[in-house]
Each structure stands twice: as C-alpha cells, then as structure tokens.
Amino acid sequence: NRDGYSPNQYFLDDAPDYFSYAILAHSIAVIEPYADMYLYPKNGAYSGDDLSYFHYHLCVHDDTSDCVSGLYYSDDSTKSTSVNIQCSPHDKYTLTINAISINNEVVVSTSGLAVCMYVRREIRDLTEKDLSSTMIAMHELWAVDSDTGKGIYGEDFISAKNLLEMHYFQASWRDTDHSHEGLAFLSHHLQMTNFFEDSVQLVDPSVTVPYWDYTRDSTEVTGLDVSYSPMYTNKTFGTIQPPKQWKYSNGDTVLSG
C-alpha cells in the first residue's frame, strides 16, 4: 500500500463487483514505482494471540537473489518499514509474507504474485506530498523546451509547448478538426495525455497524472461554481476566480459576488 493512502480496494474482500482487471487476476499486490510502499495484510490474515509481526520479501519474479524486505506491525505502525522499488509497469515480483510469533518463529507463510503498476487517483485525494511532487514535475514541461528536456531527461521528453503545437496542428486542418470531431476526440486526447504523462514521469517517476472528477465539485459543495473548484488553487493550477469588479472597454462596470 502506498504511503499516505488507504489500502487498494481491488484487493479487499468487500471490493465492488465492478473492479475487474484481467492483468491483476493472478496477483495479490500492486507495487507503485519509486514510491514508499507498506504491507497491508487482508482481513483474515493470521492474527493469533502469539503474533508479533509480519516479515515480507519482494523478489524479482524467478530471481531470489534480487529482493527487498520490510516489516509490518499491526499493533504499532511506527515500527513498520516500507520498501521502495524502482520498477517499470508490468514488472513481476514474488511477494512472500511470513507471520512471526512472539517466540520469533514463522507460524504462517504465504506467497503470491505482485505486479508493478501506476495507480491513478483523483487530484484532491492526493497526499500533500504527492500533489506537490506532481505539480513540480508538471511545471518542468513548461519550464524547459523539448531539446533541453531531452538532454536532461531523455529522448522521449516533450515540452508543453510542443504538445500544444501538436494539438493545434491536428485541430486546424481546413477539411476537418482531426482532434475534436467524430471518433478522433478520444483517441487523440488519450494519446496526448500519454505523451504528457510519459514526460512528467521522466522528470519524476514516482508520480502519476491524476484525474479530475468535476462532479464532486457540485455534490460536495452544492452549487459550487467551477471558478471555485479545488482544481484551481495556489497549490494546483492557480485561481480563476473573477475579481469583485472590472470594467469593459466601453467603461461599463460589472460586479461579481
């Protein structure tokens, strides 16, 4: 489980039926790349009176020489230790969990497959640390041009300016708007989001581009105007709240709020 978050719902016994990912069908855990991860045993894991702690190992699949390990104490989380693995999506690991008794003996041992994957979260669900890291990494795409970025972060880096030009190019053809009309909208914007996220992760491989569930704006605060959405703050993309008053070019004054 990533530091600062609740357990991944997919692996809980009461997970909703709509959680179904074929890639995880045979897995017991997800490892998020370059992130501090803690063990979180499922309900029903060994919890006898003689239990002291859990000791776990993560080894590269079929290679027991390349392993990391950690501890989990259910009665004192401050004694638990995390692991941080610099893996790539879809890398496979063997997770072995040993329940250790107060006599320092293994009373139960189990193992299974763990898969390295990024987990996308809603932007306001990010921890303060992860939100800051994400915004800093994103900002780099505006701060450096593509040539400079390629020299620092690798050949796949694309600056925000070049992504904007790519969007303009696809949308400005005289025959049709290739980015927004027909079936093009989803495929083009998904690919551009992938380009953007790939570049962000070249800057900081521990982050994932979050999503914005704008329906939460009106359900959590009835009638909330988009200008006051948590999406637009000094910690994210800046405020877009209108001023209390402003003037049109003809001199008419408009009051707001």
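When we sort residues by class, Ala, Val, Leu, Ile, Met, Phe, Trp, Tyr, Cys and Pro count as nonpolar, Asp, Glu, Lys and Arg as charged, and the others, Gly among them, as polar. The model above is predicted, so local features need pLDDT of at least 70 and side-chain atom pairs count only at pLDDT 80 or more, while totals for chains, interfaces and linings use all residues. Residues are numbered from 1 along each chain as its sequence is written, and side-chain values use heavy atoms, with hydrogens and water left out.

Let's start with the empty spaces. Rolling a probe the size of a water molecule over the atoms shows where empty space is left. On a 1 Å grid over the protein atoms alone, a cavity is a set of points where a 1.4 Å probe fits but cannot get out, and a pocket is an open set with protein on both sides within 12 Å along at least five of seven lines; lining residues have an atom within 4 Å of a point. Grid points are joined across faces, edges and corners, and a volume is the space filled by probe spheres set on the points.

The largest pocket holds about 1,200 Å³ of space. Its lining has 48 residues, and the closest to its centre are Asn 1, Pro 7, Asn 8, Gln 9 and Phe 11. Strands E1 (27-31), E3 (51-60), E6 (92-101) and E7 (106-116) each give at least two residues to this lining; here strands (E, at least two residues) and helices (H or I, at least four) are DSSP runs, numbered from the N terminus. By class, the lining has 32 nonpolar, 9 polar and 7 charged residues.

The second largest pocket has a volume of about 510 Å³. Among its 17 lining residues, Trp 142, Met 192, Thr 193, Phe 196 and Val 209 come closest to the centre. Helix H1 (128-143), helix H3 (160-171) and H4 each supply two or more of the lining residues. This lining divides into 14 nonpolar, 3 polar and no charged residues.

Now look for a closed space. A search of the whole structure finds 1 cavity of 30 Å³ or more, and the largest cavity has a volume of about 80 Å³. Its lining has 4 nonpolar, 3 polar and 4 charged residues, including Glu 32, Arg 121 and Asp 130.

Two of those residues lead us to the next topic. Side chains of opposite charge can pair when their charged atoms come close. A salt bridge is a side-chain nitrogen of Lys or Arg within 4 Å of a carboxyl oxygen of Asp or Glu, and the whole structure has 9 of them. Glu 32 and Arg 121 form one, with their closest N and O atoms 2.8 Å apart. Glu 32 lies in the loop between E1 and strand E2 (36-37) and Arg 121 in the loop between E7 and H1, so the pair ties together parts that are 89 residues apart in sequence. Both residues are buried, where buried means under 20% relative accessible area, exposed over 50%, and partly exposed in between (1.4 Å probe, protein chains only).

Another salt bridge joins Arg 216 and Asp 125 (3.2 Å, N to O). Arg 216 sits in helix H5 (residues 215-220) and Asp 125 in the loop between E7 and H1, so this pair links parts 91 residues apart in sequence. Salt bridges that share partners join Glu 122, Arg 124, Asp 125, Arg 216 and Asp 217 into one network.
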